[in-house]
Amino acid sequence: MSTLQEKKPATMYENVMQQYNQVANLVGLNENIKKILGITNNEIIVHFPVKMDNGEVKIFTGYRVQHNNALGPYKGGLRYHPTIDVDDAKALAMWMTWKTSLAGLPFGGAKGGIQLDPREHSLAELERITRRFTYALGDNIGPDQDIPAPDVNTNPQTMAWILDTYMSTKSPSSRSHNNHIVTGKPVGSGGLEGRDRATGFGVFLTIKLYLASQGKTLEGKTFIVQGFGNVGQWASQFMVEEGAKLIAVQDAHATLYKEEGIDPITLTEHTQPRKGSIAGFTEAEEIAPDDFFGLECDVLIPAALGNQINQDNALSVKANLIAEGANGPITTEGEEVLLKRGITIIPDILCNSGGVIGSYFEWLQNRHGEIWQLDEVMQKIEKKLTENFKRVEKAVEENEVDWRTAAYIIAIHRIELAYTQRGIFP
Ligand SMILES: NC(=O)C1=CN([C@@H]2O[C@H](COP(=O)(O)OP(=O)(O)OC[C@H]3O[C@@H](n4cnc5c(N)ncnc54)[C@H](O)[C@@H]3O)[C@@H](O)[C@H]2O)C=CC1
Ligand SMILES: O=C(O)CCC(=O)C(=O)O
């Protein structure tokens, strides 16, 4: 019998801590601040009962991890997935802190979710589960405390249920002022025109800006997308509108390939009656899932889950540019391989920050009792994201580092400044 232990792949939490510690050491971050940012402020775990359609009562486990709020209320999405646990929520909350800081928003970082497979539940069950979860979270969330938003397997409908449940616990006089308790709501319930496409737009825009910095355009470039939900669909649409060609798509159910290009709008329409699945799309060929990352293309957009590209499959990647639509799609070992091979990575905390920037505008719109138009919103997102992109680009050149390190330097510095200005940890 062998005594050798197989090396377990690093978790998302280990990855984010490694990224953080590396940059904290590089910039000589004040030791006290380093300790504070290295922990999560609150880890809320709730267990709650919900009656299923058949009368059976099931117990669910939900999480909300609040990493840091030095710059403002905690902010971040809610994920419904069978594998979400407190460690994943910690990692995702930490990424939110860096993302909101880098974006220059008055928010901290949080993330959460419920351990479940939404495909196993009816809409009515999902509604009851969401309402019970909101009730269990109580005043741990709030418009000036912690503001949830959509993430994997949650959507504007989920946010509307949270809004309604939260408001029903408040006195009638304060209800109308509380709809900024969540962002990513349906437009009819105070949601922002354009929040639906904000993340995908940001992914597309950062790719476009990066190529422009190299004297290139998207015209004729080929790209592949892993994950064809909110982020993958919108990013694909914007890319194709600008002249790029979508040659492969992978989701949790199938991997599709078409050399002549897949129309993202037709594929999106195909997914709608199929609970989001791309399976069964006859206008493209179905290929083996393991062949996906090695496909010949110019740009790779991972827009599904974390830890998808690792030291093994990183060797097969053909794209010169990876734009992280997902949070944490590349392990630290995978990244080392990719950087050594000269592949550029636009990091999640910059690449997918269009979503939280849109959420910030929704929160502002609600606070001010305003209603903004789509073109106005898209212009504001584009302006903010372009400024952020340029700051990271400058930090790459000045520090002679990769894009993730540059983004972390800016994000950590802004929080460090807030702590030192307050004089608590000089
Ligand atoms: N929705 C948003 O505004 C934002 C989302 N993100 C990140 O983007 C990623 C995608 O989020 P959404 O598009 O909102 O989720 P979604 O639930 O709308 O779509 C997720 C997609 O990933 C696919 N997927 C799941 N497991 C997979 C697997 N093992 N292999 C291949 N594909 C798989 C699903 O089939 C689906 O197509 C996540 O990492 C999320 O944290 C980041 C910033 C904002
Ligand atoms: O819009 C938000 O508040 C957060 C979206 C999110 O979860 C993310 O950026 O990862």
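A: The centres of domain 1 and domain 2, taken over C-alpha atoms, are separated by 27 Å. The domain assignment (bounds come from an automatic or database assignment) gives domain 1 as 42-176 and domain 2 as 197-351. This is a predicted model, in which local features need pLDDT of at least 70 and side-chain atom pairs count only at pLDDT 80 or more, while totals for chains, interfaces and linings use all residues. Residues are numbered from 1 along each chain as its sequence is written, and chains are lettered from A and ligands numbered from 1 in the order in which they are written.

Q: How many residues does each domain bring to the contact?
A: Two residues are in contact if their C-beta atoms, placed from the backbone, lie within 7 Å. Here the contact takes eight residues from domain 1 and seven residues from domain 2. On the side of domain 1 that touches domain 2, α3 gives the most, with six residues. Helices such as this one (H or I, at least four residues) and strands (E, at least two) are DSSP runs, numbered from the N terminus. By class, that side of domain 1 has six nonpolar, no polar and two charged residues. In this scheme Ala, Val, Leu, Ile, Met, Phe, Trp, Tyr, Cys and Pro count as nonpolar, Asp, Glu, Lys and Arg as charged, and the others, Gly among them, as polar.

Q: Which residues come nearest to ligand 2?
A: Of the 14 residues around ligand 2, the nearest are G77, A149, G355, V356 and S359. The elements that give two or more residues to the shell are β3 (74-80), α3 and α12 (354-367). Three nonpolar, eight polar and three charged residues make up this shell.

Q: Why do the buried residues of α1 line one face of the helix?
A: An α-helix has 3.6 residues a turn, so residues three or four places apart point the same way. A residue is buried if 20 or more other C-beta atoms lie within 10 Å of its own, exposed if 12 or fewer, and partly exposed in between, with C-beta atoms placed from the backbone. In α1 (residues 12-27), the buried residues are M12, Y13, N15, V16, Q19, Y20, V23 and A24. Seen down the axis of α1, they fall within an arc of 165 degrees (the arc of the directions from the helix axis to the C-beta atoms), so they line one face. Their cover includes α2 (31-37), α3 (86-102), α10 (332-340) and α14 (403-421). After α1 comes G28, whose phi is positive, near 65 degrees.

Q: Where is S277 placed?
A: S277 is in the loop between α9 (264-271) and β9 (285-286). With 16 other C-beta atoms within 10 Å, S277 is partly exposed. Not counting residues up to four places away in sequence, S277 touches D251, H253 and T271.

Conventions
Expected span 1.5 Å × (residues − 1). Near = placed C-beta within 6 Å.
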